[in-house]
Amino acid sequence: MQWHPQRLLPPPDPDEIVLALPMPDFGKLDIPMGLTPEAAERYAQQLTYQAASPLLLELEQLQAEGLVADYAVRPDLHAVVVSGLTPEASARLSRAQELTGIYPSVDEMPACAANVPQALATRVLAQSAILQNARVTSLQATDPSITVYLYVSSSYRSGSISGITAPSTAVTVRVLRKGVEVARRTTTSSSQGYYYVYPYWQSCPTEGYDFELYPGDVVEVTANNNTVSTVVANLSGWVNPDTNVVAGTTDVGRTVNVGLYDDTGCTGTGHQYSPSVDAAGNFSADFTSLVDFNRRASASIDALDANGNSTSRYFFAFRLYGHFDEYGMAGYLKPNVNVQAMLGRGETVSVTVDTRTDANGYFWAYFSQMIQAGDVVTATGGGATIVYVATHLADLDLDATTDQVAGVTTAGRQVRASFYKRYGIYYYVATACTYAYECAVATADGTGAFTVNLTNVDFARGDYGDLYVYDAQGNFQYDYDYNFPAIVADLGYRSVQGYWRQPYGTLTVILRDSGGVVKSTTTGVPVYSDGGFLTYMSSMAPGDSLEVGNGVVTETMTIQNTTATLDSGGVSGSAYNGTLLAYLYDLQGLYGTTYCTMSQVTGGAYSIPFADAQIGPWDYAYVWNTGPDGHYTMRRPRTFSIAVEKGDHYVYGYTAQPSTPMTITLMRGGSPVATGTTTSSYSGYYGTYLYDSQPVTISQADTVRVVAGGDDSADVPIPALDAHADGVNNRVYGVAPANELVSVSMRRTYMWGWYGWSRYVTVDSSGNYSTGFDGLYWYRDCSLVDAGHPCAQPAVTYYMPVGHRILYEGPYPDPVGPDAYEVDDTYLQATPYTGVQSHSFHTVTDTDWISFTVPAADIANQVRYQVKTFNLGWGMATQVHIYHANTIVMPLFTATGYENRGMGVDVSWMLPETGVYYVEILPPSSSYAAYCDAIYDVMILPQRARVFLPLVLRNH
């Protein structure tokens, strides 16, 4: 799913727009097993950064060029929030990252989008627990074996199906409910015979997973010429550390296995118990003789049928936990019980909250007061009570030289540090080519001071981690994104970025020349939720120094003379004789591959070939060079690349060397017909329009010649390439180079830009292609994709064998025409209201007037009149004024409504007197008129009677 802003205009309050990111493909993720809820949330945050990484590359460049004011990744929204977007930036983003939506502000995100982060963390937690339970499959006798993992919360019922069969075998999984098939999946088992099937999260046609697993469902798996089935069991449980018992209920006749994991810090031990199930389905596993576990423990419970196939769930010990400096705490108790949570401060109970656990035993209590060190949080429910004394975490010092994390908390508390190397292209700095992680613990001394030594991994500036502080029972507080502080000077983009010790706050950045003279000072640089910061300088040069501080702590670095060029041979240049890490993103046509190399520079020069890479147009690299102070100088080289918009007159791309003079010539019949000149930016981007005396349209059989400073040049011949929308068959078809791969898009445009679905299609030997879009939804409002919609626009992109691109867009949709009530642009031309009216704003000055009469009886009975605009086109807004016939100059009432899932204004007024009234409806600004979807319906309704339906309240 893509959103491409083509005609982006500022919203009513142009503070921000939200670019919603796609959900990851969980089938391709290597999620660690046995994650805690907070660790699953942490992992989900990383998935957001990965999904955002291609978009961040473009946004960094746009901000460096002054085309966007600011942007930030928001894991809490699974989105990127951008402010101050210019029309040029909007055009550039139209060729960028795949997205699932665009919203004018966070407040206007629909619930389906706002709930994605929670669904993401839930899915991570579920899959992690499945991997933890993978041992069960080895106990099963059937081929294929079946393990049904259930995850049930207050909001979601999810799960997955896994098992073992013959290696590399086709597997078909069906879910039957009361004999009716509700889901079917096909997959192939791994080389070890494992298979895994899970539901997909979706926003449309309804929000949630595309199928759910309920007790009583039949899961049928066919593989290796055999079909096996199991019934999903009723299964519930809890883990009580006060009694060392794991207990629960399941279906009578099931065999239960309980696996307890006793977490002791960074390590733990597993214990197994197989309790009996009584005649009512109850079971209880007493681990007293095996282990005295605490609130850090967790357990998997497997209910096996007669064939050894199982239903499995994962539960956490009774506990309280939460972030530092928050207003609430989460916890676990028995499932589906009432919980009373209290916040005590000093000798009194400050706040009492009544809440309830979900089917997993999870609950959340919001106290309306920030929890402070020394506060006592108590939670009681289901016959158990948890008491936790809150702590603090202060005076943190993270030293990458000694690999130590030090700070102050409550005396005697255990501190766990879980730290990670940064790897990948989606961070301000990468310090490793592969995943690396270390966990270490320390106990605070009598003054509360602690030092955690990370001795197994050599951490560098920019690496990051999470800190947990536990009480003796295993309750804890924690926070994410503590960083070994790092400054990154990006010479090409003239940016200063990096990571501060911990999230939030502001920084001051001072740039000095080699003689110590201040060149510029930037104050109030925000530190984001991951500890990252970013600002731009008007000029930076090798030998300059940077000072970054928050008034308490200051970090300094010297900018190194680091250069980088990317071509078919790899990345090469000069650098300081320290560590150099380079990531290459190799597009290889349509699908990208990342390569990474870390080496030590000697002699001031380096050359990295990237074996197996096929470096060509549109590829790019990140290069970080570690200086003597441990901070980084950065370059982002790109290859020479060209994109041509057939049917338009625009050519753009990148040069291998920044700030390069460019000459772009349109050749027709061997002769030049238009020439454009420009200079690529310091990021390498260039773009120009081709003119003679008027814009010259790039057409079939033309050749576009691009020369970059005499070093790089290429000719791009324009082939037969077009795209047409077929509304009857809901498809896009056209011509393109025979036997080549093209990306075909169906867009729906509107005033903010457009949404689109894209499909990769191989053109047939005759040069024709066609692809349908049935069964797809626009995530903006969950309406079906319709190639015949008045706002539909087809498009196609052809990727040349050498890597350059040619784009073709179908005609931009025409603005909506006048409605049936025109001309009604003044009150003298108003249409008497007789029922719902359908209108359009066909010009930017269009105004629609409607008249209606209020009888004396309505005034006497104080009848309110409702005015409602609905069925608004995408991005629309309506402003409503109501006048009495005697007061046309000044409206009696005014209301404005911006489109939200088709709804606009919905207000009611008690009118002051009898007589004729006029309703004037107009666009709040020219942005909301004269485009294809500038339509709305209006209803005027006297509320003369109200009917109340019976209401039954039930206290659970």
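The exercises below, each with a worked solution, lead through a predicted model of one protein chain.

Residues are numbered from 1 along each chain as its sequence is written. Because the model is predicted, local features need pLDDT of at least 70 and side-chain atom pairs count only at pLDDT 80 or more, while totals for chains, interfaces and linings use all residues, and side-chain values use heavy atoms, with hydrogens and water left out.

**Exercise 1. Describe the protein chain as a whole.**

Step 1: The chain has 5 helices and 74 strands, where helices (H or I, at least four residues) and strands (E, at least two) are DSSP runs numbered from the N terminus.

Step 2: Of its 956 residues, 56% count as buried; buried means under 20% relative accessible area, exposed means over 50%, and partly exposed lies in between (1.4 Å probe, protein chains only).

Step 3: Among contacts with a separation of 6 or more, 65% come from residues 24 or more positions apart, a contact being heavy atoms within 4.5 Å.

**Exercise 2. Work out which residue pairs with K421, and what the pair links.**

Step 1: K421 forms a salt bridge with D463, with the closest N and O atoms 2.9 Å apart.

Step 2: This pair links distant parts of the chain, 42 residues apart, since D463 is in the loop between β33 (449–453) and β34 (464–470) and K421 is in the loop between β31 (414–420) and β32 (437–443).

Step 3: Both D463 and K421 are buried.

**Exercise 3. Examine two further salt bridges among the 22 found in the whole structure.**

Step 1: D397 and R501 form a salt bridge whose closest N and O atoms are 4.0 Å apart. D397 lies in strand β29 and R501 in the loop between β37 (495–499) and β38 (506–512), so the pair ties together parts that are 104 residues apart in sequence.

Step 2: D397 is partly exposed at 38% relative accessibility, whereas R501 is buried at 11%.

Step 3: E181 and R184 also meet through their side chains in a salt bridge (2.9 Å, N to O), and a network of salt bridges links R174, E181, R184 and E220.

**Exercise 4. Characterise the aromatic pair of W849 and Y918.**

Step 1: Rings of Phe, Tyr and Trp (its six-membered ring) pair if their centres lie within 6.5 Å, and planes under 30 degrees apart count as stacked, over 60 as edge-to-face and the rest as tilted. The count by this rule comes to 47 aromatic pairs.

Step 2: W849 and Y918 are edge-to-face, with 6.4 Å from centre to centre and 70 degrees between the planes.

Step 3: W849 belongs to strand β68 (residues 848–854) and Y918 to strand β73 (residues 915–922), 69 residues apart, and the pair therefore links distant parts of the chain.

Step 4: W849 is buried at 6% relative accessible area, and Y918 is buried at 15%.
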